[in-house]
Amino acid sequence: MRDTKTEIRIPADAKPVPFRGGGFRQRRHPLLAPLVLAALLAIWWAGSATGVISPIAMPAPKDVIDAFRDLWTTGALWTNLSVSLYRLLVGWILGSLLGIAVGLMIGLFSQARASALPIVSALFPVPKIALLPLFIIWFGIGEGSKVATILFGTFFPTVISTYAGVDAVDRGLIRMGQSFGLRWSSIVRKIILPGALPAILSGFRISFSIAIVLLVAAEMIGAQHGIGAYILMAGSLFNLGQLFAGVILLSAIGLFGSWLIGLAERRMLDWRQ
Amino acid sequence: MRILLDKISHAYDGTQVLQDISLDLGKGEIVSIIGPSGCGKSTLLRMIGGLERPTSGQVLVTGAAPQGCLNPLTYIFQDFALLPWRTVAGNISLVLEDHGIRGARAREVIDDVLARTKLSDFRKAWPRQLSGGMKQRVAIARALAVRPAVMLMDEPLSALDSQTRELLMDDLVELWTRTPFSAAYVTHNLAEAVRLGHRIVVLSRRPGRIREVVTIDMPLADRPAHMAELEKIQRDLWDMMRDEAAAADRELADA
């Protein structure tokens, strides 16, 4: 006999099982970030207007806006931003390309790993800004030394994230490629590179913020123009409005860079979900 | 094409894994290889496909590969080994590209193998969207695309649930019945071994040696109707292996 409909009699003392799951999960709150930002700006504005926040410690929002207006009307915004972006992008792109190339070599060839990895490990922790005087001797006081600082600063983390990405590629996939008689170059191009790409791209996020740090440091040490020079100048004149304007520009560059990397991740890693 | 194993022995840093294995794999024949875990059956399969070298002995092939064969010895892996960054069609195209098969010719091959594995609706799907059974079907389609002479199947159904396993076994039998292929089928599942194997090679515990070769003289397509007979063979195989399987289970992995 098959019973498809079973009647259940619920006793009087039956209680629902108390719910104890849930939590520990991030939900989306799209309104919260703008609200917090607006609240902070309001506190800042009110504090400055009432004098609770001393103008020596924090500039008034108006000072910052004025600094931006000055930057815009004098054309200094473009002068500073263009030289900074040039140094940042040239240094970062060259450093990343070289880093990927060397990282791939280390990941693919044991001779490259044995010879280059100790050098990379030894030079990675050296703050590249300490080498700026050397780079000035090598590449001159102009753009060369600043670009070189950023290049070296981004090269080493990219090498490390690339070879770690190559190491993390599923060996089973490589064996599959070999078992189908794929050429060595095909295995590298179609299996190893795409497999290492997630690690390379997340390395980009780190190397881009390192590049901004080095940009400002290099421009503070020896540059006439650039956001770092502008901030240094503002600081020595105690012009906090300008100082804040420079910091906001840096933050905007950083945000724009990580947005671009995020975009690249979504497009190139669409297979991940 | 025939494959001959000539006195294969193998040792991994001092531990003997395989000892004196001689075997021949005929045309259109599926040979199941079973044995307790760690007996070296997957290693043996890697040697047949040229992915690993035995310490002594050799794997030989005789006879020409069938016409249009791109990769005579072709694997089907337990973990499917699909590239997650390529779609179903892209994963099959991968193994054709190096042979210069692209564009319309590639599409023709891909359409054909997808139809044979009932995957035509999934051309553009990503591997992550597929169930385990579908992933293994893609891997089978990929293997068919290179027109192999011998399929080397390394526990192909072990990562699947038992219902999917039944479905895929039926599919394999159907594929074989339509165009017989030769295969070495490594498994630890005795039901798979008796359903799919024309011959069953029983390996002993490490160091793996051939203990017995059981021939089942019943066409693959007829087997579902004769489950009782198959079950008896399966039980005999289990009786043969039980003690060794128990002993192998208690071994330390790195011993």
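How many salt bridges does the rule find across the interface of domain 1 of chain B and domain 2 of chain B? The rule finds 3. This tour works through a predicted model, and that interface is one of its stops.

**Stop 1: chain B as a whole**

Select chain B. Its fold has 7 helices and 9 strands. Along the principal axes, the C-alpha trace spans about 55 × 40 × 35 Å. Chain B has 255 residues, and a compact globule with that count would have a radius of gyration near 18 Å; chain B has 18 Å, so the two agree.

**Stop 2: two domains**

Colour chain B by domain. Domain 1 takes residues 2-65 + 149-249, and domain 2 takes 83-147. Taken over C-alpha atoms, their centres are 26 Å apart. Where they touch, domain 1 of chain B gives 13 residues and domain 2 of chain B gives 10 residues.

**Stop 3: between the domains**

Stay at this boundary. Domain 1 and domain 2 of chain B bury about 940 Å² between them. Carbon and sulfur atoms carry 62% of that area. Now select B:Met151, B:Leu168 and B:Leu175. In domain 1 of chain B, these three lose the most area to domain 2, together 41% of what that side buries.

Next, pick B:Arg137 and B:Asp171. They form a salt bridge, with the closest N and O atoms 2.9 Å apart.

By class, the touching side of domain 1 has 8 nonpolar, 2 polar and 3 charged residues.

**Stop 4: where the chains meet**

Bring chain A back into view. Here 19 residues of chain A are in contact with 23 residues of chain B. The two chains bury about 1900 Å² between them, with 64% of it on carbon and sulfur atoms. Select A:Phe180, A:Lys190 and A:Trp271. In chain A, they lose the most area to chain B, together 39% of what that side buries.

Now look for charged partners. The rule finds 3 salt bridges across the interface of chain A and chain B. To see a salt bridge, zoom in on A:Arg183 and B:Asp98, whose side chains meet at 3.6 Å, N to O.

Highlight α7 (171-179) and α8 (184-222) of chain A. These are the elements that give two or more residues to the side touching chain B. The largest share of that side, 6 residues, comes from α7(A). By class, the residues of chain A's touching side divide into 7 nonpolar, 7 polar and 5 charged.

**Stop 5: two backbone details**

Most residues other than glycine have a negative phi, and most peptide bonds are trans. Two places go the other way.

Go to B:Arg206 and B:Pro207. A cis peptide bond joins them, with omega about -5 degrees. B:Pro207 sits in the loop between β8 (199-203) and β9 (210-215) of chain B.

Finish at A:Phe24. This residue is not a glycine, yet its phi is positive, about 50 degrees. Find A:Phe24 in the segment before α1 (32-50) of chain A.

Technical notes: Residues are numbered from 1 along each chain as its sequence is written. Chains are lettered from A and ligands numbered from 1 in the order in which they are written. This is a predicted model: local features need pLDDT of at least 70, side-chain atom pairs count only at pLDDT 80 or more; totals for chains, interfaces and linings use all residues. Side-chain values use heavy atoms; hydrogens and water are left out. Contact means heavy atoms within 4.5 Å. Buried area is the accessible area (1.4 Å probe) that two parts lose on being put together, summed over both. A salt bridge is a side-chain nitrogen of Lys or Arg within 4 Å of a carboxyl oxygen of Asp or Glu. Helices (H or I, at least four residues) and strands (E, at least two) are DSSP runs, numbered from the N terminus. Ala, Val, Leu, Ile, Met, Phe, Trp, Tyr, Cys and Pro count as nonpolar, Asp, Glu, Lys and Arg as charged, and the others, Gly among them, as polar. Domain bounds come from an automatic or database domain assignment. The radius of gyration is taken over C-alpha atoms; the globule rule is 2.2 Å times the number of residues to the power 0.38.
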